[in-house]
Amino acid sequence: MKAPALSHHQRFFTATRIPRTNLRSRTATSTFRMSLQENAPSIAVVGVTGAVGQEFLSVLSDRGFPYRSIKMLASKRSAGKRLTFEDNEYYVEELTADSFDGVDIALFSAGGSISKKFGPIAVDQGSIVVDNSSAFRMDEDVPLVIPEVNPDAMAHIRLGNGKGALIANPNCSTIICLMAATPLHRRAKNVAVVATSMDVYLLFADCGQVVRMVVSTYQAASGAGAAAMEELKLQTREVLEGKQPTCNIFKQQYAFNLFSHNAPVLPNGYNEEEMKLVKETRKIWNDKNVKVTATCIRVPVMRAHAESVNLQFEKPLDEDKAREILKNAPGVVVIDERQSNRFPTPLEVSNKDDVAVGRIRRDVSQDGNYGLDIFVCGDQIRKGAALNAIQIAEMLL
C-alpha cells in the first residue's frame, strides 16, 4: 500500500518579511534549500494524523523549517500508519511518556487533555512545547504568543540550553482578530525589532488605543476538526439528496444552516469560545482593562473563519489612516474595493498565510473618528493554528 504523500516543494529562507498587496499562497520563494540538517533541532509532532497535525507538516515543508529528525506521534489507534514527508517515509508512533527523549521542539495539537498530561512530561525532558490547545493559555507562567503581535512575551525562552518550556498558541478566532486589530490598537512607532530566520516582527509600545472591541465570528468546520469537515461534506450530499443528515459531531444540521458556537455555555450566558477571545485578548495585549465582547457563530464553511470587528478608540483614528496602517501590517492584506463590492471571503483566504481585512469604515454610531468597523477573514487551520505555531518555533532558532 502506497503511503499518502504530503505536498513537497523546494523551500528557502527569506531575510525579511515585506508587506504584500496580494494574498500570499502557502508556497515560498527560495535562496538555499532547507531539509534534514545535522545541527538543526529535533522535532516531534503530537496529533500528527489530525487536521492541524497534517497542517504542521505542510507548513514545516513550505517554510523550509530546518530539522535533524522528526517524530510523528499520535494515539495508539493511529500507531503504525505510514506518512511520507519530504520524500521520506515515517511510521506514526504511539504517544507515550518516553516519546520526548532527545526532542528539542514538540508541536502539540491533540486536545487539551493530552496536552495537560504530556506537555509537562515533555518540558521535564528538556523539550520546548508549542501547544495548540487551551490547556495552558491562561496560565500566568506560560506565554500566549502571536509572533506579529507580542513576540517579546517569549523572549526569555531559548533553544539549546537544556531547559524545557511551554508556549501557548492562542485560539484561532483570537489570532485572526488580533492580527487586524493590533496594528490599529498600537499606533506608536516601533521601539524594537525581532528577527527570525523567516520573518521580521516589530515590537510596539503599548499605547492603549482600543478601549472597547465588539467581535462577531463566523467560524468554519475546521475549527471542530477533520471529522467535522467530513460531516459537513456528508451532510451537504445528504440534504441535496433529500436524506436525513447525519449529526454525529454536532447535535443539529450543519449543512445549509448556522448556529451558535457549539462550545459549552457558561453561567454568564457566554460560551467558552467567546470567553476565550475576551480573556486571551487581554493577556496578549497585556491590558486587563480593555473591554471585549464576542458572539461566536458556526457557519457551513470548510476551513476559514470570518469576523466582524467593531473598535472604539481612546484617540481619533480616521478610516484612511487605518487603511494605511493595515496595508503595512505584517501578515495582513487589505481587500477593500468599494466600487466593485469586493471584500475578504473565507474561500479567498483558504490555504493562504495572510489574514485579509476589508469593509474598513467609520462607525457612524459614534461621534467623530472614535469608532471603526472592519471585516476580517483568515484560514483557521493555517494562521489560526499551524502557521502561528511554526512561526513561534522559528523564533526559537
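Mentor: A crossing is right-handed if the near helix is turned clockwise from the far one by less than a right angle, and left-handed if anticlockwise. Helix 3 passes helix 5 in a right-handed crossing. This is a predicted model: local features need pLDDT of at least 70, side-chain atom pairs count only at pLDDT 80 or more, and totals for chains, interfaces and linings use all residues. Residues are numbered from 1 along each chain as its sequence is written, and side-chain values use heavy atoms, with hydrogens and water left out.

Trainee: Why are helix 3 and helix 5 called oblique?

Mentor: Their axes come within 9 Å and cross at roughly 50 degrees. Axes are lines fitted to C-alpha atoms (for helices, over the stretch in contact), with angles from 0 to 180 degrees between N-to-C directions. Under 35 degrees is roughly parallel, over 145 roughly antiparallel, 65 to 115 roughly perpendicular, and the rest oblique. Helix 3 and helix 5 are therefore oblique to each other.

Trainee: Which residues make the contact of helix 3 with helix 5?

Mentor: Helix 3 supplies Cys172, Ser173, Thr174 and Leu178, while helix 5 supplies Glu273, Lys276, Leu277, Glu280, Thr281 and Ile284. Contact means heavy atoms within 4.5 Å. By class there are four nonpolar, three polar and three charged residues. (Nonpolar: Ala, Val, Leu, Ile, Met, Phe, Trp, Tyr, Cys and Pro; charged: Asp, Glu, Lys and Arg; polar: the others, Gly among them.)

Trainee: What are the classes where helix 3 meets helix 6?

Mentor: Take the geometry before the classes. Helix 3 and helix 6 pack at about 120 degrees, their axes 9 Å apart, and are therefore oblique to each other. Ala180, Pro183 and Leu184 of helix 3 meet Ala322, Ile325 and Leu326 of helix 6. That gives six nonpolar, no polar and no charged residues.

Trainee: How do you know that strand 15 and strand 16 pair?

Mentor: Two strands pair if DSSP finds at least two bridges between them. Strand 15 and strand 16 (residues 355–362) have three bridges, in the parallel sense.

Trainee: What makes strand 12 and strand 15 edges of their sheet?

Mentor: The open sheet of seven strands has the order 12-13-11-14-17-16-15. Strand 12 (259–260) and strand 15 (332–334) each have a single partner strand, so one side of each is left without a neighbour in the sheet.

Trainee: What is the pairing in the open sheet of six strands?

Mentor: Its order is 5-2-1-6-7-8, with parallel pairing. The edge strands are strand 5 (93–94) and strand 8 (165–168). Strand 7 (residues 128–131) is joined to strand 8 by four bridges. Helix 8 packs on this sheet, touching strand 6 (105–108), strand 7 and strand 8.

Trainee: What is the crossing of helix 1 and helix 8?

Mentor: The crossing is right-handed. The axes come within 9 Å and cross at roughly 55 degrees, and helix 1 and helix 8 are therefore oblique to each other.

Trainee: Why is the pair of tyrosine 67 and phenylalanine 85 called tilted?

Mentor: The structure holds six aromatic pairs. In this one the centres are 5.9 Å apart and the planes make 35 degrees. Rings of Phe, Tyr and Trp (its six-membered ring) pair if their centres lie within 6.5 Å; under 30 degrees between planes is stacked, over 60 edge-to-face, and the rest tilted, so 35 degrees gives a tilted pair. Tyrosine 67 lies in the loop between helix 1 (51–62) and strand 2 (69–74) and phenylalanine 85 in strand 3 (residues 82–85), so the pair ties together parts 18 residues apart in sequence.

How values were computed. Helices (H or I, at least four residues) and strands (E, at least two) are DSSP runs, numbered from the N terminus.
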